[in-house]
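Take a walk through this structure, one stop at a time.

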Amino acid sequence: MTRLSFPKDRIRVVLLEGVHERAHAMFGEHGYDNVTLEAKALERDELRHAVADARLLGIRSRTHVDAALLASAPRLLAIGCFCLGTDQVDLDAAARAGVPVFHAPHANTRSVAELVLGFAVMLLRRVFPKSTRAHEGAWDKSARGCHELRGKTLGIVGYGHIGSQVSILAEAFGMRVLFHDIAPRLPLGNARPLGSLAEVLGQSDVVTLHVPDTEQTRGLVGAPELALMREDAYLINTSRGLVVDDEALARRLREGRLAGAAVDVFPREPRAPGERFESPLQGIHEVILTPHVGGSTVEAQETIAGEVARKLIDYSDLGTTTGAVNFPELGLTPHEGCSRVLHVHENRPGVLRQVNRVFADKGVNIHGEHLQTRDGVGYVVIDVDPVDKAAILPDLRAIEGTIRARILY
């Protein structure tokens with residue numbers, strides 16, 4: 001194994017919010033035994049203290065990393081978001097600080113897809129109203145309004161990783177699948193693409209949404225779109241809370257112009273334990289409400305932990321940034337017999353020439369060089385003859401525009 005120039009037992013890893021134990025185990029397997037674990041998110045002062053000397057930081061959705069926090073963590077090398085999104089991190093500030101941010105964007109695909117089909121079964125069988133009545137002592141065995149999924153049409157809006165997985169599972173139930181996506185997508189199985197959102201809404205017994213949160217998707221399904229759906233149709237939203245106008249959805253459900261809905265994501269969600277959740281959809285018997293648990297399974301959390309921990313380890317050990325959401329991406333393998341130098345800098349003319357001059361002036365031969373740029377940041381990885389970092393790093397750090405420089409081994 002390549003010997004790192006900085007001992008791993010001095011690389012402090014901080015994992016917050018009860019990150020799955022698989023991450024801790026992976027760090028241990030790769031020699032990182034200086035790991036701090038916290039089962040919850042930390043208050044601001046506690047968080048600032050915890051990251052002051054951290055090299056690698058692992059968080060979930062409740063920990064917010066802004067420019068001020070990054071400034072209080074000068075040794076921080078990388079951040080791993082052990083979840084799908086990265087909204088909790090100021091990505092631009094992290095990039096300017098030379099800190100790549102990693103996450104696991106597709107690790108919970110199966111969990112979300114299974115929940116969508118579960119929602120569909122429970123909606124069409126009216127499971128929740130019957131369960132509520134049974135808890136109250138009533139015995140409602142009526143089949144009125146209860147249907148099988150087999151033979152029904154599922155409309156999928158957004159046919160990416162989750163949407164396409166839902167498509168496969170739906171066909172296994174015997175459903176007919178239609179979908180619409182703004183990008184060309186290869187249909188799986190017998191799924192059929194449609195040219196517009198309106199067509200999907202108008203032709204489906206069940207509509208499920210799987211789109212990201214963007215300016216184009218916010219308010220995608222409002223009162224005009226809901227009016228296109230049949231009165232006996234159902235809507236499922238496990239994508240993003242701002243995609244659907246919940247006020248308009250609640251009105252349509254209360255007026256009996258939609259059969260039901262299942263909603264897992266909301267425009268405003270509690271950010272702290274004990275904070276009350278409120279939604280205009282509360283109190284409507286035909287609605288299933290869940291607290292953003294689409295990806296909340298043990299299996300998904302373990303997969304996320306393994307994927308994000310691997311990305312952090314690969315960056316720390318090799319300089320690999322594949323999958324970084326805010327940083328130039330380089331996929332790298334070890335180069336035995338060499339020293340590996342990482343240089344993060346402002347993307348301006350002449351920086352690379354000055355980096356190379358440092359090695360030339362010291363008579364150090366370059367064996368390989370990899371450069372990528374992104375949004376004003378340049379990242380170069382250089383494999384050179386074995387060097388003493390004390391003789392090289394001061395000169396590299398003195399180059400104008402340098403954000404960060406380090407030698408891995």
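Angles between axes fall into classes: under 35 degrees is roughly parallel, over 145 roughly antiparallel, 65 to 115 roughly perpendicular, and the rest oblique. The model is predicted, so local features need pLDDT of at least 70 and side-chain atom pairs pLDDT 80 or more, while totals for chains, interfaces and linings use all residues. Residues are numbered from 1 along each chain as its sequence is written, and side-chain values use heavy atoms, with hydrogens and water left out.

Two packed helices are described by the angle between their axes and the distance between the axes. The axes are lines fitted to C-alpha atoms, for helices over the stretch in contact, and angles run from 0 to 180 degrees between N-to-C directions. Helices (H or I, at least four residues) and strands (E, at least two) are DSSP runs, numbered from the N terminus.

Start with H5 (residues 109-124) and H7 (residues 161-172). Their axes come within 9 Å and cross at roughly 50°. H5 and H7 are therefore oblique to each other. In contact (heavy atoms within 4.5 Å), H5 brings residues including Val112, Val116 and Leu117. H7 brings, among others, Ile162, Val166 and Leu169. By class, the H5 contact with H7 has eight nonpolar, three polar and two charged residues. Here Ala, Val, Leu, Ile, Met, Phe, Trp, Tyr, Cys and Pro count as nonpolar, Asp, Glu, Lys and Arg as charged, and the others, Gly among them, as polar.

Next come H1 (residues 21-29) and H11 (residues 298-318). They pack at an angle of about 35°, with axes 7 Å apart. The crossing of H1 and H11 is right-handed. Arg22, Ala23, Met26 and Phe27 in H1 meet residues of H11, including Glu302, Ala305 and Ile313.

Now turn to the loop between strand S9 (206-209) and helix H9 (223-226), where Thr217 sits. Is Thr217 buried or exposed? At 9% relative accessibility, Thr217 counts as buried (under 20% relative accessible area; exposed is over 50%, partly exposed in between, with a 1.4 Å probe and protein chains only). Not counting residues up to four places away in sequence, Thr217 touches Val211, Pro212, Leu242 and Val243.

Asp213 lies in the loop between S9 and H9. Asp213 is partly exposed, at 29%. Asp213 and Arg240 are 27 residues apart in sequence and 5.9 Å apart in space, C-alpha to C-alpha.

Notes
A crossing is left-handed if the near helix is turned anticlockwise from the far one by less than a right angle, and right-handed if clockwise.
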